[in-house]
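Colleague: I want to go through the labels on this model one by one. Please set each value against its cut-off, then conclude.

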Amino acid sequence: MSPNVTECEVAVIGAGPGGIAAAHYLLEAGIDDFVILDRADDFGGSWRDNTYPGLEVDIPTLLYQFSFARTGRWSKLFADGPEIHRYNLRVVDELGLRPYFRAHHEVIAERWDADRAQWELTIAGRDPVRARYVISAVGGYINPKPGTDIPGFADFKGKVLRPNHWDHSYDYSGKRVAVIGTGSSGAQIAPAVAGLAGSVHSYQRTPSWMIPKPNPRLSARAQRFLDHRLTLAGINAMTVGFMNVVLFGLFHILPALPESVLRRAIPGYDMMARRWYRKVLRDTIDDETTREKLMPPYGVMARRPVMSSNFLQSVGSGAVTLVTSPIARITETGIQTEDGTHREADLLVAATGYEMFTDPEYYRVGAVVGRDGFDLGTYYRTHEMRTYGGCAMPGLPNRWVLVAPEGNQGQSWQVYVEATARHAVRIIGESRRRGHPVAEVTGTAFARWVRRMHHQGKAVRLYTTECQPPMHTYFVNSKGEARYYRPQTVGQMNRFSRRSPLSDYSFTGTPRRQMPLATPESELAHDHTA
């Protein structure tokens, strides 16, 4: 082996919330021979990269934190981006993770070396890294779509900004701002810049469901109350309990109903939601024509709803001008729409979305090559996009992905990545304990899991793919598959992460010196509820 090759037991790819969670569980298991590789210069992931005006979390912050680092000291019910980023960095320092961090280490390829029973990671512009085990903790909203399909985009002579590359040195005061996109980022940016900009035009291709999000500031007294351990434990217990009830109905009761019943019930559900949303629009938008332009033609859960209490208000007040005529082309000085109108612009904000881990295009051919030449990018282009437990695949031994198809359970990002990280570390620990260095989920276990998830995802699949207009969204990928959500309750996902059958994996390879875990597990498989 070249002396320039870094070798470690575990390589964690990505230093966002997933990487932090993985590192925590590795240390908890007594495993400290690992590195955290990231293309940037610090921890934080999408909260490090996205710094645009108006950035806020879209679920209550008390739920958007690590289970091992809960706090009630938040300034608002829905914290802004810088506060979330400071929290993540504080957790990093409390866990002592900086010695494990390798900045500017962008992993561009992963290849399994069967002879060494190791992964070789190709690092852009640097020497490779070899690791026995790999935990890919790359987040779900990291890479913006590589370009826009709007003609003439490169011709624009003004300033172009993207949500994850915001140039804070650019002064948009008094400028003509065009925000392309009304998803979560665009709906936050447009009202946020309207106070200083000369004008703001928001270009909408497909209207989003804008769910009101009251966001009061939390007083010092409220923060002290919320920071009490009993308060935090109680809020978490109530939230998990509520989510378990809702998701049990969605993933267990509804799939037991005949498909014909679901097909009749789904339009009724959407009809009630539309009736409620029309009232929301009437309360905020005076102009009837504008209200109709803002009314989504699809169901409330068919795309990711936008949590916002100021976008509709800004449109209603005239601070933001809504443009719904499709964009024909970008010119040197602005945007030409199909109705023949040309609007001048000094700044274009391309809030057009991110590459999604549920799309086959996200997985480059040749980027991840496992046992016997198994290529993940090729596989996902020709097969259904599935995973075992939201994180593992046959053909990719000793490798787990914390953000993967059918992995996101829906409560919060931390709950999701902690569960997949716990599972990965548990299997790594078992492999070390047995002295067999290669752990791989079996084809039989994978097929059994896929059948179970297919059944439990019946209602979601029908709702998003067959009872809605054809769409390519976060929830429905470019192949027409609904692979965003993991059809399990919170409790089932967490139990799986701790007690899934060890017999679902094969543990092979030349026995080596046993490396005991902090808490050894039995080799006997445990029953689990999916």
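Colleague: Why is Lys 213 called buried?

Modeller: Its relative accessible area is 5%. Buried means under 20%, exposed means over 50%, and partly exposed lies in between, with a 1.4 Å probe and protein chains only. So Lys 213 is buried in this predicted model.

Colleague: What makes Lys 213 and Glu 56 a salt bridge?

Modeller: The N to O distance is 2.7 Å. A salt bridge needs a side-chain nitrogen of Lys or Arg within 4 Å of a carboxyl oxygen of Asp or Glu. The pair of Lys 213 and Glu 56 therefore qualifies. The two residues sit in distant parts of the chain, 157 residues apart. Lys 213 is in the loop between β10 (210-211) and α5 (220-226), and Glu 56 is in the loop between α2 and α3. Helices (H or I, at least four residues) and strands (E, at least two) are DSSP runs, numbered from the N terminus.

Colleague: Why does Glu 56 count as partly exposed?

Modeller: Its relative accessibility is 21%, so Glu 56 counts as partly exposed.

Colleague: Which rules sit behind these numbers?

Modeller: Residues are numbered from 1 along each chain as its sequence is written, and side-chain values use heavy atoms, with hydrogens and water left out. This is a predicted model: local features need pLDDT of at least 70, side-chain atom pairs count only at pLDDT 80 or more, and totals for chains, interfaces and linings use all residues.

Colleague: How many salt bridges are there, and what does the pair of Arg 48 and Asp 38 tie together?

Modeller: The structure holds 32 salt bridges. In one of them, the closest N and O atoms of Arg 48 and Asp 38 are 3.2 Å apart. Arg 48 lies in helix α2 (residues 46-49) and Asp 38 in the loop between β2 and α2, so the pair ties together parts 10 residues apart in sequence. Both Arg 48 and Asp 38 are buried.

Colleague: Why is α1 called largely enclosed?

Modeller: Of its 12 residues, 10 are buried, so α1 is largely enclosed by the rest of the structure. The cover of these buried residues includes β1 (6-13), β2 (34-37), α3 (81-95), β6 (129-136) and α11 (413-434). Helix α1 covers residues 17-28 and reaches 17 Å from its first C-alpha to its last. The expected span is 1.5 Å times one less than the number of residues. Gly 30 follows α1, with a positive phi near 80°.

Colleague: How confident is the predictor, and where is the pLDDT below 50?

Modeller: pLDDT is the predictor's confidence in each residue, from 0 to 100. The chain mean is 93, and 95% of its residues reach 70 or more. Over residues 513-530 the pLDDT is below 50. Where pLDDT is low, the predicted coordinates should not be read in detail.

Key: Contact means heavy atoms within 4.5 Å.
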